[in-house]
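Please open the structure in a viewer and keep the selection tool at hand.

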Amino acid sequence: MPVKNITIDVANDFIDSFADTNATTNDLMIMNFYNAGALINVLVASEKLGGLPNEIVNEAGVGYDVTIVKSKLALLPSGTLTYKLFRITESEQLATEIYNGNATVSGSQSAEPAQVIWTNHNYQPRDIKQDTPNAAINTEDRLLLVDPDLNDAINLLLPDARSIKGKIYEVRNIGDGNVVVKGYDDLAQNYVQLFVVNPGDGIDIRANGANEKDYIIFQ
Amino acid sequence: MISKSGIKYIVTAERGGLSSPVWSFRAGLRDNAELMINDFNPLKSVRNVNLTVMKNFKFSNKTFQATVRNFRVFDLYAKTGGCDAQLVAVPQSDDPKSGGVFNFVGDAFFGVMFKFLLSNKERSLNYDLECALDPWDANNLLNQSLINNPTNQTGISTADYIPPNLSSLTVNGLPVFAKDELLEWEFVIETKETEKTAYNRSKVDYYKLSLRAKGSDATITKIVTMMNTNNLSAVVLTTRYADSSYDTFTINSNVLAKREEVQIADNTRNLNVIWEAEIPLANVVVDGTFHNVTINAE
């Protein structure tokens, strides 16, 4: 198993990359950090989260080596830690250790967090059919395969954007009718229409979080 | 101010169904479209003074979204007497509504005429939406266009695009032409306007069908064989919409009437087989998969 020592300098965004770690589309890459053998309560996994304060990001994908990127403030204790990089393939659902080594953390640190800063998303697509015409979307959702009938529509009811800033949903309309994406309006005390996804189309939605229904639509 | 041209998107829906929208069609891959607003049947007074009776709104569009699902949507519009529509023009300022968010809903719904065309050159769905409104209602519609909320949809999308193709064309179960003999072919289902209502909406009771296959096999044997085929035989057209998935148009016997045109000349020799018919709207049935269209005699 390859051993690679990495240096995490909190003054820089880029941490390191790992050769020959190409992931297929549905592979999950997870990096665990250990302090004196004890797992540190920070989970870093292959999901493009991007840029939130105190967040650590690991980017991977088809044709790319795993690259670990973090924000200015790494929520890791300073000093020398150990780490392990795992790959979980969709077919086997097993974590295979593919790299390990020491991680030297330097620079000004925040305190070690008591909470998990990010939990893994649900990597299994969620199928939503016409028997759920008003589907509440939760924070564990990620890829939504929506199948509305031609003579009807399916409403996707998004959660409060303020509580999930940076969260990305992928919506794919695989049906014959329309998918109506709605956010809750505190003032109106009702869901309001944000976007209509036509048959065959797909959009990505990112929670911007300036208010309860502040989502950015990527067409 | 010099205004900006452009249409952001157009969406139609069944009458009363624009807000969701239900039974909708978003023109996402189209040729140039236009909304024309002009006087409808103005009265002429002395010295050639025009007197407004009504204002006519006509929207014409050609799309390359000739899927069976979309045919079924326009089939519903024809069968229910029209559709609602929202046209969003390119904004004229930072205000996204400044170009106009034109809602044709309620009493301002559109009458619909359309043409569904499959051929060796293109697959297209052309439609005209038209209605005339009292001047007051027309003014209200225009003023309201600066206030209406857009339904927010993707303007351009290739989701419905299918390249022109022919998998098979048979009459009585036998190929009309071998594929390598085909020169050109075309299948059209279009609405036939029976009359216009007082508000200039098309009243549609019939579809006009036409199918034409022109082949280079114009041997005497072929010509005689085709001429001796029952004029009202069943015809089946199959086209591909995905790698190994097909749309089937089954025109049962006693629907289409066949005739032939033979050209024997110095620079060509071909056989043109033409089927035509007019049938009531109810005789066209689309199945729930939106990949099979059956056209019945009765």
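How far apart are the mean positions of the positive and negative charges of chain B? For the 30 positive and 33 negative charges, the mean positions are 3 Å apart; Lys and Arg count as positive, Asp and Glu as negative, while His and the chain ends are not counted. Each charge is placed at NZ of Lys, CZ of Arg, CG of Asp or CD of Glu.

This is a predicted model, in which local features need pLDDT of at least 70 and side-chain atom pairs pLDDT 80 or more, whereas totals for chains, interfaces and linings use all residues. Residues are numbered from 1 along each chain as its sequence is written, chains are lettered from A and ligands numbered from 1 in the order in which they are written, and side-chain values use heavy atoms, without hydrogens and water.

**Select Asp75(B) and Lys79(B).** Both residues lie in helix H1 (residues 68-79) of chain B, four residues apart; helices are DSSP runs (H or I) of at least four residues, strands (E) of at least two, numbered from the N terminus. Asp75(B) is buried at 0% relative accessible area, while Lys79(B), at 36%, is partly exposed. Buried means under 20%, exposed over 50%, and partly exposed in between (1.4 Å probe, protein chains only).

**Select Arg142(A) and Glu170(A).** Their side chains meet in a salt bridge of 2.7 Å, N to O. Arg142(A) lies in the loop between strands E10 (134-136) and E11 (143-147) and Glu170(A) in strand E13 (residues 168-173), so the pair ties together parts 28 residues apart in sequence.

Note on methods
Salt bridge = Lys/Arg side-chain N within 4 Å of Asp/Glu carboxyl O.
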